[in-house]
Amino acid sequence: MHITETERRVLCDAAREAFGADSTVFLFGFRIDDSRRGGDIDLLVETDKTGQAAILEAQIRFLAKVKLALGEQKIDVLVDYPDRKSRPEILRIARASGNSQQICA
């Protein structure tokens with residue numbers, strides 16, 4: 001996994017603040033493969049928070065806090081939550097064993 005301990009801590013703290021203490025964050029994509037360099041920070045956040053408006057607000061708060069702390073960089077965030085109306089395939093792919101790494105719980 002190639003994110004720094006500082007990045008990991010910022011991501012976890014921001015997720016807990018925005019999505020709740022029980023949120024879980026997974027890193028997926030290029031950043032889980034140490035042999036690759038660069039790439040976006042691709043995250044899957046699982047939360048017990050419900051309601052599409054509340055999820056959107058939490059996602060914006062999360063990204064604002066992360067960008068203030070880490071500076072401008074490409075961060076993609078997928079959010080999975082209990083009352084989601086549809087489950088896009090990308091959520092399964094992002095969560096699949098071997099495709100992601102839990103960075104905080």
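The following legends describe close-up views of a predicted model.

This is a predicted model in which local features need pLDDT of at least 70 and side-chain atom pairs count only at pLDDT 80 or more, while totals for chains, interfaces and linings use all residues. Residues are numbered from 1 along each chain as its sequence is written, and side-chain values use heavy atoms, with hydrogens and water left out.

**View 1. Overall arrangement of the protein.** The protein has 3 helices and 4 strands, where helices (H or I, at least four residues) and strands (E, at least two) are DSSP runs numbered from the N terminus. From the N terminus on, the order of elements is α-β-β-α-β-α-β. Of the 105 residues, 37% count as buried; buried denotes under 20% relative accessible area, exposed over 50%, and partly exposed the range in between (1.4 Å probe, protein chains only). Among contacts (heavy atoms within 4.5 Å) between residues at least 6 apart in sequence, 70% join residues at least 24 apart.

View 2. The 4 strands form an open sheet in the order 3-2-1-4, with mixed pairing; two strands are taken to pair if DSSP finds at least two bridges between them. Strand 3 and strand 4 stand at the edges, each with a single partner strand, so one side of each lacks a neighbour in the sheet. From one strand to the next, the twist averages 30 degrees; axes are lines fitted to C-alpha atoms, for helices over the stretch in contact, and angles run from 0 to 180 degrees between N-to-C directions. Strand 2 and strand 3 run parallel and are joined by 6 bridges, with Val 79 of strand 3 as the bridge partner of Val 45.

**View 3. Strand 1 within the sheet.** Strand 1 (residues 24-28) is largely enclosed by the rest of the structure, because 5 of its 5 residues are buried. In a regular strand the side chains alternate between the two faces of the sheet. Thr 24, Phe 26 and Phe 28 are buried on one side of strand 1, and Val 25 and Leu 27 are buried on the other. Strand 1 runs antiparallel to strand 2, to which it is joined by 5 bridges; here Phe 26 stands opposite Leu 44. The pairing of strand 1 with strand 4 (residues 100-104) is also antiparallel, over 4 bridges, and Leu 27 stands opposite Gln 101.

**View 4. Helix 1 across the sheet.** Helix 1 has 15 residues, and its first and last C-alpha atoms are 21 Å apart, close to the 21 Å expected at 1.5 Å a residue; the expected span is 1.5 Å times one less than the number of residues. Helix 1 lies across strand 1, strand 2, strand 3 and strand 4, at about 75 degrees to strand 4. The buried residues of helix 1 include Glu 7, Cys 12 and Phe 19. They pack against helix 2 as well as strand 1, strand 2, strand 3 and strand 4.

View 5. Ile 55, Ala 58, Phe 62, Val 66 and Leu 70 are the buried residues of helix 2. Seen down the helix axis, they fall within an arc of 75 degrees (taken from the directions from the axis to the C-beta atoms), so they line one face of helix 2. The face turned away from this buried side carries the exposed residues Ala 53, Leu 56, Ile 60 and Leu 68. Helix 1 (5-19), strand 2 (41-46) and strand 3 (75-80) are among the elements that cover the buried residues of helix 2.

**View 6. The nonpolar cores.** A nonpolar core is a set of buried Ala, Val, Leu, Ile, Met, Phe, Trp, Tyr and Cys residues joined through side-chain atoms within 4.5 Å. The largest has 24 residues, and those with the most contacts inside it are Leu 11, Phe 19, Leu 43, Phe 62, Val 66 and Ile 103. Helix 1 gives the largest share of this core, 7 residues. A second, separate core of 5 residues includes Phe 28, Leu 44, Leu 91 and Ala 94.

**View 7. The surroundings of Asp 80.** Asp 80 lies in strand 3 and counts as buried at 15% relative accessibility. Leaving aside neighbours within four places in sequence, Asp 80 is in contact with Leu 44, Val 45, Glu 46, Thr 47, Arg 87 and Leu 91.
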